[in-house]
Amino acid sequence: DVFLTGYWGAAFQDGIVARLSQDSADGTIRETRIARNLSRPHGLAFFKGDLYVSRSGQFARAESGRLVGVNTGAVTLLRDLDGDQLIDYFEDVVTDLPGAQGPDPLHQNNGIAFGPDGALYVTVGAHSDRAPTTGTFEGTVVRAKLDGSAPEVFAKGFRNPFDICWGPGEQLFGTDNDASDR
């Protein structure tokens, strides 16, 4: 089976996790939307049989006459408790990531991977194309314990790190979407 995330709708809030399965009898591919109503899901990873999804909303609050972006980024544990192969349990294990904020609201927490140390690693984009970062986790790879506690910057200096994976020799490989030069 192949698992994927996708979203659409107003402000890209209407997100899903889908499973693609091939029918053994006739070879057709079947799509099952196993989770719905996720805000901007991007990365997903399995760890010890559980499915985790990196997702990010977009919300601003008015403070002292200005609109200020709210940290809406999260990594959520998804489970099927009743065995019907549809997700019916959601638990945020990492919260308070910057999420999708302007001026470039397409940079948010993206890819996730579990390291050989059992920790969760999350890529987080910077909110501007060329300006300095303003938050601790902008433009970084964040490492946290499996329960989401003790989040820390593992690597920094990125613009929009999109995905990561572990390779030979326990090295972390990642992509970074560089500055927008049109």
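Predicted model: local features only at pLDDT ≥ 70, side-chain atom pairs only at ≥ 80, totals over all residues.
Reader: Happy to dig in! Why is Asp50 called buried?

Author: Good place to start. Asp50 has a relative accessible area of 17%, and buried means under 20%, so the word applies to Asp50.

Reader: Where does Asp50 lie, and which residues is Asp50 in contact with?

Author: Asp50 belongs to strand S5, residues 50–56. Setting aside neighbours within four places in sequence, Asp50 is in contact with Ala45, Leu77 and Arg79. Contact here means heavy atoms within 4.5 Å.

Reader: What makes strand S12 largely enclosed by the rest of the structure?

Author: Strand S12 covers residues 140–144, and four of its five residues are buried, so the rest of the structure largely encloses it.

Reader: How do you know that S12 pairs with S11 and with S13?

Author: Two strands pair if there are at least two bridges between them. Strand S11 (residues 120–124) is joined to S12 by five bridges, and S12 is joined to strand S13 (residues 152–156) by four, so both pairs meet the cut-off. S11 and S12 run antiparallel, as do S12 and S13. To find them in the model, look for Leu120, whose bridge partner in S12 is Ala144, and for Val142, which stands opposite Val153 in S13.

Reader: What do S6 and S7 form, and how many residues sit between them?

Author: A hairpin, with two residues between the strands. Strand S6 (residues 60–63) and strand S7 (residues 66–69) pair in the antiparallel sense over four bridges, and Ala62 stands opposite Leu67 in S7. In the turn, Ser64 has a positive phi of about 50 degrees.

Definitions and conventions:
Residues numbered from 1 in each chain as written. Heavy atoms only, no water. Buried < 20%, exposed > 50% of the residue type's maximum accessible area, 1.4 Å probe, protein only.
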